[in-house]
Structure formats: structure tokens, C-alpha cells
Amino acid sequence: MTEQAVAGGLALLGVPPLPDLDAIDRHITELDEAAARHQALATESRQALRLASANSGPAADAANAHVTGRDGTASTAEDLAHRLSATADTLRFTRGVLVWVGGSLAGLALLAIAALVYAPQLLPRLRALAAKFSFRLREIIARIGALMRGMSTTLTNRRVEKIASRFHDKWRAPRKLSDNTYDPRVKTTTDAAWIKKHGTDQVDIANTRYRSLPADWKHENRESARIGVQLVDEARASGRNIRSEEFMEEASSVVHDRWFDRNGSWASKEQRLPYELLSHAEKEKDRDVIRTVLGI
């Protein structure tokens, strides 16, 4: 009865229904769980490094940098765990404010029902007060939306960078030599910040890890990864079977089209063809983008 009365009172005041707090609670739980997973990953990475600390030499130094460096596994996981936890805490605080504002509106709604019967002259004043609370409520909801969009963007960007790094590692894997270096592939970069830092515009992209590449030599892998992530996420959200051959071919066709949009000026004669007319080898390059995103 009370819920019905509140709903009727809100309608009388011209205020939309109160927000669903269960959805916010689900977001908080998901953020807490994700933060715990990334913190566990950071802890496990450091523990694994300690077990291997008895070794020394270039390989051990590289492993240490990979785990504990600024962009290392542990540091990245800890940073993301902190961001996720901070977002969850902000949502918890915001939820408390939302409960208070919602409670105030519910109280006004019940007063409006009573005023309608016993003191209708009070309704304009109650509506004005409710409008202020309602405006505050919309502000809070907008902030929650911005907060969640920002975190979603952060998570997506990290996925894109991780997948782009895998593309780079796959490309250079066949060039690996017996001493664990790679057959050099020196290129020219136009990344001014990178040139200033390294004192040269020449970069050996085969012997440089993805995260240390200049921006222009990250671009292609990053864009392929971004398209792949977008295609997979949209298909998953729409309920499609992302493991089906149909999805693989449709998505790979889009990957090829977007690649041509970026690289058509120098594409080979075959690469200028529609996806359906490409050779098996060329199609496999596009399919591999989607496979990498899917973790196949």
C-alpha cells in the first residue's frame, strides 16, 4: 500500500519514479569482485617473481621489469584494482546520498497525498520542493552514469592495449633468435615525444615490446584491437553466438574493411578485394584478430 501511495504521490508532484537501487548494488558488487581479482593477480605475480629471484642475469632482469615495472603485470593490476575499488567506494557513498534524497521525495509524496485531501493549497509548495529534490536526484544519477562510463572506457582501453600487445608479440614471434632477441626490423618514427626521449627517430620494432613502441608504430595494432573488441562486445550484448562460424566470418569481414579504410593507399592488389574474394591466407589475418579478442 505504501509503495502504491508513494508512486501516486510522486505522480501528483510531477516527479518520475525513484531509481532502482538494486542496479547500483549490482554495480558495486561487480566492481568489488573485479578489484579483488586484479589485486590477487598482482599478489600472485609478485609471489612468482620472488620464487624466481634466485636467478640472475638479463632474463631475470627482464622478468623483474615485466612484473614490477611501471607498466608491469603487478603494477598494472594493482593500479586497476585501486581504480575499481575507488569507483566502488564512490558508488557506495553516492548510493547513501541517493537513499536520502529518495527518502525525502517519498516523504513528500505521502504528504502530497494527504494535502490533496486535507490542504490542497499546500500542493504548489510541495511540488516546488519536490522539484528541487528531483533535480538533485537527476544530478546524482547523471554522475553515476558518468562514473560507470568512465570506468567502462578505462577497462575497454586496457583490453585494447592488452590485445594490441598480443598482436605485436605474434608478429615478432617468428623472428625470435636463439639468444632470445629478434631479427631486427628498424623503422622510422614521427613520434616527437619518443624521439626526444630516445634521441633518435629509428626504432627496432622487432626488439621493442609493444608498450615501449612509438605511438605511430602502436597505431595499427591498437586500431585492429579496438575494432575487434567493439565487434565482440556488441555481438555479445545482442545475444549472438560469438563462437559461431557465422559471427567469425561477419566480424572478420568488418575487420578487413576497416583495415582497408586505414591502409588502402598502399594495399596490394589482392588486399583491395572484398573479404569474400580474399585468399585463405589473407582471410586468416582478419580472423586472427577476432580469435585473439575471443582468446582462442
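This passage describes the overall form of a predicted model, then its second largest pocket and the surroundings of Arg127.

The chain contains nine helices and two strands. Read from the N terminus, the order of these elements is α-α-α-α-α-β-α-β-α-α-α. The chain has 296 residues, and 34% of them count as buried. The radius of gyration of the chain is 27 Å, whereas a compact globule of 296 residues would have a value near 19 Å. Taken along the principal axes, the box filled by the C-alpha atoms is roughly 90 × 55 × 40 Å. Contacts were also examined by their separation along the sequence. Of those between residues at least 6 apart in sequence, 63% join residues at least 24 apart.

The second largest pocket has a volume of about 1000 Å³. Its lining is made up of 26 residues. Those that lie nearest the centre of this pocket are Trp171, Glu220, Asn221, Ser224 and Trp259. Four helices each supply at least two residues of the lining: H5 (123–172), H7 (215–237), H8 (245–263) and H9 (280–294). The contribution of H7, at six residues, is the most given to the lining of this pocket. Sorted by class, the lining of the second largest pocket holds ten charged, nine nonpolar and seven polar residues.

Helix H5, one of the helices that supply the pocket lining, also holds Arg127. The relative accessibility of Arg127 is 34%. Arg127 is therefore classed as partly exposed, because this class covers values between the limit for buried, under 20%, and the limit for exposed, over 50%. When neighbours within four places in sequence are left aside, Arg127 is in contact with Leu12 and Leu13. For Leu12, a distance to the arginine side chain can be given: a polar atom of the side chain of Arg127 lies 3.0 Å from the backbone oxygen of Leu12. A further distance concerns Arg127 and Ser152, which are 25 residues apart along the chain. The C-alpha atoms of Arg127 and Ser152 are separated by 37 Å.

Key
Residues numbered from 1 in each chain as written. Predicted model: local features only at pLDDT ≥ 70, side-chain atom pairs only at ≥ 80, totals over all residues. Heavy atoms only, no water. 1 Å grid on protein atoms, 1.4 Å probe; cavity = no way out; pocket = protein on both sides within 12 Å on 5 of 7 lines; lining within 4 Å. Points joined across faces, edges and corners; volume = space filled by probe spheres on them. Nonpolar A, V, L, I, M, F, W, Y, C, P; charged D, E, K, R; others polar. Buried < 20%, exposed > 50% of the residue type's maximum accessible area, 1.4 Å probe, protein only. Contact = heavy atoms within 4.5 Å. Polar contact = N/O pair within 3.5 Å; in protein donor to acceptor, adjacent residues only side chain to side chain. Rg over C-alpha atoms; globule rule 2.2 N^0.38 Å.
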